[in-house]
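This briefing covers strand pairing and charged side-chain contacts. Keep the structure open while reading.

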Amino acid sequence: MALARQSRDDFALEGFDLDRFVRETLAEDLGEGGDITSAAVIPADARFAGVMDSRDAITVAGLPIARAFFHALDGDVEIESLVADGDKVAAGTDLMRLSGKARAMLTAERSALNTVQHLSGIATMTRTYVDAIAGTGATLLDTRKTIPGLRLLEKYATRMGGARNHRMGLWDAAMIKDNHVAIAGSVGEAVRRAVDAGIADIIVEVDRLDQIAPALEAGATHLLLDNMGPDMLREAVAQVGGRVPTEASGGVRLDTIRAIAESGVDFISVGRLTQSAPAADIGLDFQSA
């Protein structure tokens with residue numbers, strides 16, 4: 001099936017090529033034979049109207065991308081967005097209405113739904129963690145634990161849920177972890193090498209209190225306090241004394257994040273936001289136009 005001229009719906013995400021994503025995703029689904037079911041069952045001139053709705057209470061993410069899938073196969077499709085990305089909605093909420101060529105809509109349906117379900121699942125989990133630390137002063141961060149090829153979209157979804165993006169890749173800040181320290185010989189030596197390389201942002205993972213002073217003395221600009229309980233975190237925050245930002249990380253769960261936030265850390269990073277979020281239950285129900 002040929003792609004129609006695509007409407008971008010004013011969706012712009014730095015570094016993300018929406019046209020390419022839609023084109024390659026549809027090509028993966030269509031293969032060499034195309035949508036043989038719709039071609040056999042649906043008349044070429046048939047039209048359908050449909051409603052995309054959420055069966056769960058969710059935080060929405062990915063609707064502009066869903067629109068792009070439908071536009072790619074039917075440039076004249078009529079779409080009415082009823083909510084916006086970042087909105088919290090109740091179960092049973094209609095997200096968008098659309099009307100267009102039946103074959104095109106049925107062909108684009110799975111790709112559109114997969115994207116919105118996945119991204120809304122991430123945004124929804126993120127929002128629950130953000131709400132859990134409200135009022136503490138701590139900021140929720142995401143991580144690099146993303147599906148290869150989907151990082152920009154998944155990190156977009158965490159922003160829709162209220163988190164702040166942290167390290168888009170290996171290039172934007174040094175992150176000195178235990179394996180780097182083991183090879184360099186010590187925390188201080190690893191940090192000194194990063195400083196000598198001219199790196200401005202140097203995040204250092206520490207899992208013991210005695211690593212804090214050497215890291216700071218060598219030039220760390222951010223400390224990641226790994227797998228520390230609330231009491232140890234409070235002591236670490238006191239030792240740092242506001243000289244650099246502090247971040248709690250490692251095994252953070254919804255039932256523990258409030259106590260972690262109340263330790264006084266500036267940030268809390270949670271890998272499960274992108275690594276383990278379940279897809280939201282979102283459907284697309286068609287009716288004859």
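Is Glu-189 buried, partly exposed or exposed? Glu-189 counts as partly exposed because its relative accessibility is 27%, and partly exposed runs between the buried limit of under 20% and the exposed limit of over 50%. The model is predicted.

**Salt bridges**
- The count comes to 14 salt bridges.
- Lys-155 bridges to Asp-142, with the closest N and O atoms 2.7 Å apart. Lys-155 sits in helix α5 (residues 151-160) and Asp-142 in the loop between β6 (139-141) and α5, so the contact ties together parts 13 residues apart in sequence. Both Lys-155 and Asp-142 are buried.
- Glu-189 pairs with Arg-193 at 2.9 Å, N to O. Both lie in helix α7 (residues 187-196), four residues apart, about one turn of the helix. Arg-193 is partly exposed at 47% relative accessibility.
- Arg-253 and Asp-255 also meet in a salt bridge, at 2.9 Å, N to O. Asp-255 is exposed at 59%, whereas Arg-253 is partly exposed at 39%.
- A salt-bridge network links Asp-53, Arg-55, Asp-281 and Asp-285.

**Strand β9 and its partners**
- In β9 (residues 222-226), five of five residues are buried. His-222, Leu-224 and Asp-226 point one way, and Leu-223 and Leu-225 the other.
- β8 (residues 202-206) pairs with β9 in the parallel sense over four bridges. Here Ile-203 has His-222 as its bridge partner.
- β8, helix α8 (residues 212-218) and β9 form a right-handed β-α-β unit.
- β9 and β10 (residues 246-249) pair in the parallel sense over four bridges. Leu-223 stands opposite Thr-246.

Definitions and conventions. Residues numbered from 1 in each chain as written. Predicted model: local features only at pLDDT ≥ 70, side-chain atom pairs only at ≥ 80, totals over all residues. Heavy atoms only, no water. Buried < 20%, exposed > 50% of the residue type's maximum accessible area, 1.4 Å probe, protein only. Helix = DSSP H or I, 4+ residues; strand = E, 2+ residues; numbered from the N terminus. Pairing = 2+ DSSP bridges. Right-handed = clockwise from strand over helix to strand, strands pointing away. Salt bridge = Lys/Arg side-chain N within 4 Å of Asp/Glu carboxyl O.
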